[in-house]
Amino acid sequence: MLRMNNRIALGSNLGKSIGNGTTNRYFSTLDGAADYYTIPTVTLTGDFELSFYTDSKSVNKMLLSGGTGTSGLELFLANDNIQLYYEGVSVKTFTGYVNDGKLNLNEFIRVSNTLSYYVNGVFIDSYVLVGNVKIDTIGARTGGGLKLDGVISDVKITDGTDLRRYYKIDEDLSATSTIIDSGSDGSNGTAVSITSSELFTLEGADWIGAELVVNGDFATDSDWTKETGVTINGGVCSSDGSMAAYSPVIIQTSLPLTVTPYKTVYTMSNVTANGTKIILGLTSGTQHNANGTYSEIITSDGANPNVNIQAVQGNGKYIGDLDNVSVKRILQAP
């Protein structure tokens, strides 16, 4: 069922909530090995809400933690569920976590000792949790164990009706290690071991990262490895079909691809034979065989950091032009 009107914190959709209405913001991807955030301990004694967005597909990692001691609450991500630990004991498994790599909203709302779990505004399950709750770590267990890989952002901690903590985590962490608390406490946190962030732009409900392809408009005859019969002139890449069968048309190497979704775009024109598709690492997009501009989302396997426009139709060899090749990371709305 949908969230009822007696929920504590103010709700909003992804595009409005993340980035606080702005169209540009930084996201930081935790590496699962060293990266996490610490915050001054916050203790909640009555009704409360814990909410955050994450795209993580981790297994056996921590989302939020207050340690295993008195009042310590932990939200532990395990496969397609979230395990709730209280004072070091597993007390409840919530099975509705969405493991699709998109930025999904997770909310844990306690009203009169009933803790309810919502995903993207939809009620999943509840548990009776009695006692105070404390939180001091985001993306790891207190002290730095079980570190999350992926993005976690817009962490809100609401006490009753007071939004005490709001860590947007939209700082450029290549320039600072401080994450700002925009809640009433004003208790800033610290990014541990994180040295880079990526600037994203809001397009519709999705966040699109920086351009990874160099010279994707073919303004010069450089930055690409070309197959036999492929030329770059006047801002267009042209193939006359004289390459070997199954050979790529062009390749760009050493792109910083990871196992994550990317938005790909390219244009085909003057096509007279066969088709092309984009390959990221070893993961292929859809083959197209006619003039047009094509955009799709591909999740790279991270095995090979290449952008590869490739003739794939049996022994067919692509004859036509390519232009405006783009590959950008995408953080998708649910």
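Colleague: Which residues lie nearest the centre of the largest pocket?

Modeller: The largest pocket has a lining of 31 residues. By pocket I mean an open set of points on a 1 Å grid over the protein atoms alone, where a 1.4 Å probe fits, with protein on both sides within 12 Å along at least five of seven lines; lining residues have an atom within 4 Å of a point. Nearest the centre you'll find Thr 29, Thr 258, Val 259, Thr 260 and Arg 329.

Colleague: Before we go on, what kind of model is this?

Modeller: Residues are numbered from 1 along each chain as its sequence is written, and side-chain values use heavy atoms, with hydrogens and water left out. Local features need pLDDT of at least 70 and side-chain atom pairs count only at pLDDT 80 or more, while totals for chains, interfaces and linings use all residues, the model being predicted.

Colleague: Back to the largest pocket: which elements give two or more residues to its lining?

Modeller: Elements here are DSSP runs numbered from the N terminus: helices are H or I with at least four residues, strands are E with at least two. Those giving two or more residues to the lining are β13 (149–150), β24 (261–273) and β27 (292–299).

Colleague: And what is the volume of the largest pocket?

Modeller: Grid points are joined across faces, edges and corners, and a volume is the space filled by probe spheres set on the points. For the largest pocket that comes to about 740 Å³.

Colleague: How many residues of the lining are charged?

Modeller: Asp, Glu, Lys and Arg count as charged; Ala, Val, Leu, Ile, Met, Phe, Trp, Tyr, Cys and Pro as nonpolar; the others, Gly among them, as polar. The lining has nine nonpolar and 14 polar residues, and the charged ones number eight.

Colleague: On to the open sheet of eight strands: which strands stand at its edges?

Modeller: Two strands pair if DSSP finds at least two bridges between them. The order is β8-β7-β6-β5-β12-β3-β17-β16, with antiparallel pairing. Each edge strand has a single partner, so one side of each is left without a neighbour in the sheet: they are β8 (89–94) and β16 (178–179).

Colleague: How many residues of strand β9 are buried?

Modeller: β9 (residues 104–111) is largely enclosed by the rest of the structure. It pairs with β4 over seven antiparallel bridges, and six bridges join it to β10, also antiparallel.

Colleague: What is the phi of Ser 112?

Modeller: Ser 112 sits in the turn of the hairpin formed by β9 and β10, which has two residues between the strands. Its phi is positive, at about 50°.

Colleague: Asn 79 next: buried, partly exposed or exposed?

Modeller: Asn 79 lies in the loop between β6 and β7. Its phi is near 55°, a positive value in a residue other than glycine. At 46% relative accessibility, Asn 79 counts as partly exposed.

Colleague: What distance separates the C-alpha atoms of Gly 139 and Tyr 37?

Modeller: Gly 139 lies in the loop between β12 and β13 and is buried, with a relative accessible area of 0%. It touches (heavy atoms within 4.5 Å) residues including Tyr 36, Met 62 and Leu 148, leaving aside those up to four places away in sequence. Gly 139 and Tyr 37 are 102 residues apart along the chain, and their C-alpha atoms are separated by 6.3 Å.

Key: Buried < 20%, exposed > 50% of the residue type's maximum accessible area, 1.4 Å probe, protein only.
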